[in-house]
Amino acid sequence: MTMESQLSLVDDLAANVSEVATDELSRLAASTDRSGSVADGLPLAVVRAHGIEDVQAAMRIASAHRVPVVPRGAGTGLAGGAVAGTGHLVVDLSAMDRILELDPVDEIAVVEPGVLTARLDAAAAEVGLRYAPDPASAAICSIGGNVATNAGGLRCVKYGVTREAVLGLDVVLADGTLIHTGRRTMKGVAGLDLTALFVGSEGTLGIVVGATLRLKPRPVSTLTASAAYASVAAAARACAEISAARRLPSMLEFIDRRCLEAIDRFAGTSYASRGEALVIAQADGSAAETEIEAIAAVLGKEATWIEQGVDEESSERLVEARRQVLPAIETEGAFFIEDICVPRSRLAEAVERVSEIADRHGVRIYTLAHAGDGNLHPVIGWDPSPDDVPGAMPPAETAAGDEIFALAIELGGTTTGEHGIGRLKRTWLEPEIGAGSVDVQHRIKAALDPLGILNPGVGF
């Protein structure tokens, strides 16, 4: 855009939205996210939306000026999906953070997109309910971003991902039109399932400005068992055996030795002294005690160490290691979190082959997993240098990452279980789903966003 056009855009925004920022600090913050991805330049401006009308006005103005729009929430994404660069307008939804309704009878919540996930869960707890999706970043991520990426989390093995909790959405389309999808009821099959279409669409089809969410009864008890193993293969086998034994954990997490060593350096703990890998399992509900005992019996077959939580406090202490993994890794240099998912029956093979890839390329890979649903997070770490390209991995780490994506597809899995394709995995979409499916996605995109201004460069 010419300088004159930019000034005209900003003037239009200033006259029609509650708040617009053009200072360098605001634009710089919107040019990256937690993935470490960095845009090529800074966005034109940041609209800080305080209500649906602000989002509608911003989209109408962006359409008139033919300006690309990047929707943004808490900025905790791990695939570069909310990174804005040169020529982009950012619509920041973080100030739209009200819980509009919480109905304990119908067990639903109606929220704005900026509500933090953990805050919604805490509010639901006050009436004996819970918001079941539980991303590891629940304390800092927002519902809008969870919906945009179809976020997973620690409790997915029992409760499912974000899609299973979304009943309806309020969405602003590219031209500023507001639509309402879905319903408030547990059942409903009127028309096409537009709600499911927008969940996981990463802001490429519309901007989510409200969500009607399903809540669940809060379990009367939650108990934990944790076990260490002499090898990652033994730990992965134990996870697979829990499924084979038809046990139903509410959480089943795997952490390898490199992760444990990072946690020990970060928190002053001694997890790595227990073995090469740690498995953390939880069971909840009225039968939690019986279930966790059965799970512990399976975990204990090959374990070098095992501990079972006897109450809520000791159970939460055993889970703390899992929540500390990413904060610990973040202190150790640059990193990229991969997000592959494989059939549970191939989890052990995937873990072992990721280790082989790390050795072959001589790179540092920390591996953790939502083992209950086969979702691995191989975290590629490296020591940054002044010669590094901002937001890009060095060559050896890039080659290792590509092999891990190829491995996921080879094993019948996916290159992203919960973080989204974003900007960082676009080249792997077609090899996974095929050219025909990609073409259909482009056609849907063109129907809803004919100018192609919504989050260009993301997803496909």
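This report describes selected residues, a helix pair and several salt bridges in a predicted model.

## Ile108 in strand β6

Ile108 belongs to strand β6, which spans residues 108–111, and with a relative accessible area of 0% this residue is buried. Leaving out residues up to four places away in sequence, Ile108 touches Glu101, Leu102, Asp103, Leu167, Arg184, Met186, Thr212, Leu213 and Leu215. Gly128 lies 20 residues from Ile108 along the chain, and the C-alpha atoms of the two are separated by 12 Å.

Asp264 is part of helix α9 (residues 257–267). The residue is buried and yet has no salt bridge, since the nearest side chain of opposite charge, that of Arg257, is 7.2 Å away, whereas a salt bridge requires a side-chain nitrogen of Lys or Arg within 4 Å of a carboxyl oxygen of Asp or Glu. Apart from neighbours within four places in sequence, Asp264 is in contact with Thr269, Ser270, Tyr271 and Ala272.

## Helices α8 and α12

The axes of helix α8 (residues 232–244) and helix α12 (residues 347–361) come within 8 Å and cross at roughly 155°. Because angles over 145 degrees count as roughly antiparallel, α8 and α12 are described as roughly antiparallel to each other, and their crossing is right-handed. On the α8 side the contacts involve Val232, Ala233, Ala236, Arg237 and Cys239, which meet Leu347, Ala348, Val351 and Glu352 of α12.

## Salt bridges

Across the whole structure, a search finds 24 salt bridges. One of them joins the side chains of Asp121 and Arg218, with an N to O distance of 3.3 Å; Asp121 lies in helix α4 (residues 117–125) and Arg218 in the loop between β11 and β12, so the pair ties together parts that are 97 residues apart in sequence. Asp121 is buried, at a relative accessible area of 14%, while Arg218 is partly exposed at 32%.

Arg443 is exposed, with a relative accessible area of 56%, and Asp439 is partly exposed at 36%. Elsewhere, salt bridges that share partners join Arg346, Glu349, Arg353 and Glu410 into one network.

Definitions and conventions
Residues numbered from 1 in each chain as written. Predicted model: local features only at pLDDT ≥ 70, side-chain atom pairs only at ≥ 80, totals over all residues. Heavy atoms only, no water. Helix = DSSP H or I, 4+ residues; strand = E, 2+ residues; numbered from the N terminus. Buried < 20%, exposed > 50% of the residue type's maximum accessible area, 1.4 Å probe, protein only. Contact = heavy atoms within 4.5 Å. Lys, Arg positive; Asp, Glu negative; His and termini not counted. Axes fitted to C-alpha atoms, helices over the stretch in contact; angles between N-to-C directions. Parallel < 35°, antiparallel > 145°, perpendicular 65-115°, else oblique. Left-handed = near helix turned anticlockwise from the far one by under 90°.
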